[in-house]
Amino acid sequence: GANGFRFVPKKQTDAVAAIRLAAQDAMNGRPMFEGPVAIEFRAEIPIPNSFSKRKHYNALLGLIWPTKKPDLKNLAALAEDAMKTVVYSDDNLVCRHSSVKVFGGQPKIIITVSSLAGKAA
């Protein structure tokens, strides 16, 4: 909060900066969202080298879930924070949130923000 203190490790600081940059790029000078928004968050985690060929293939098919770190909730919260003042003025505007963590051939985070204005819950 405003009077609290939160320590953010270097790695997370870099992640926030990277997400913020990507968000600025995606907004491309467009105005921030003013009303309620929905966020879809997809984290694609690298497949461990220790996986056999078969296990690797099954991971890509989504038959194996990444149950190790990083923690999905923290990743999503980090992204939500990073987009504040770039994509929307305040994270209070986030009214719908869906997030998933899967294995991917190319590790990445895909974030889709859309307006909920005029849409029923």
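To start with the side chains: which partner does Arg42 meet in a salt bridge, and at what N to O distance?

Author: Happy to! One caution first: this is a predicted model, in which local features need pLDDT of at least 70 and side-chain atom pairs count only at pLDDT 80 or more, while totals for chains, interfaces and linings use all residues. Residues are numbered from 1 along each chain as its sequence is written, and side-chain values use heavy atoms, with hydrogens and water left out.

The partner of Arg42 is Glu44, and their side chains meet at 2.7 Å, N to O. A salt bridge here is a side-chain nitrogen of Lys or Arg within 4 Å of a carboxyl oxygen of Asp or Glu. The background is simple: side chains of opposite charge can pair when their charged atoms come close.

How covered are the two residues? Buried stands for under 20% relative accessible area, exposed for over 50%, and partly exposed for what lies in between (1.4 Å probe, protein chains only). By that scale Arg42 is partly exposed at 34%, whereas Glu44, at 12%, counts as buried.

Glu44 has a further salt bridge, with Lys108, where the closest N and O atoms are 3.2 Å apart. Glu44 sits in strand β1 and Lys108 in strand β3, so this pair ties together parts that are 64 residues apart in sequence. Lys108 itself is partly exposed, with a relative accessible area of 35%. Through shared partners, salt bridges join Arg42, Glu44 and Lys108 into one network. The count comes to three salt bridges. One of them links Asp91 and Lys84, whose closest N and O atoms are 3.8 Å apart; Lys84 is partly exposed at 27%.

Now the strands around the network. Helices (H or I, at least four residues) and strands (E, at least two) are DSSP runs, numbered from the N terminus. Strand β1 covers residues 37–46, and seven of its ten residues are buried. Two strands pair if DSSP finds at least two bridges between them. Eight bridges join β1 to β3 (residues 108–115), and these two strands run antiparallel; within that pairing, Glu44 stands opposite Lys108. With strand β2 (residues 94–104), β1 pairs in the parallel sense over ten bridges, and there Ala38 has Arg96 as its bridge partner.

Put together, this gives an open sheet of three strands in the order β2-β1-β3, with mixed pairing. β2 and β3 stand at the edges with a single partner strand each, so one side of each is left without a neighbour in the sheet. From one strand to the next the twist averages 10 degrees, with axes taken as lines fitted to C-alpha atoms (for helices over the stretch in contact) and angles running from 0 to 180 degrees between N-to-C directions.

Rings of Phe, Tyr and Trp (its six-membered ring) pair if their centres lie within 6.5 Å; planes under 30 degrees apart count as stacked, over 60 as edge-to-face and the rest as tilted. A search of the whole structure finds one such pair: Phe51 and Phe103, edge-to-face, at 5.6 Å centre to centre with 75 degrees between the planes. Phe51 belongs to the loop between β1 and α2 and Phe103 to β2, so the pair ties together parts that are 52 residues apart in sequence. Phe51 is buried at 18% relative accessibility, and Phe103 is buried at 10%.

To place all this in the chain: there are three helices and three strands, running α-β-α-α-β-β from the N terminus on. Of the 121 residues, 28% count as buried. The C-alpha atoms fill a box of roughly 50 × 35 × 25 Å, taken along the principal axes.
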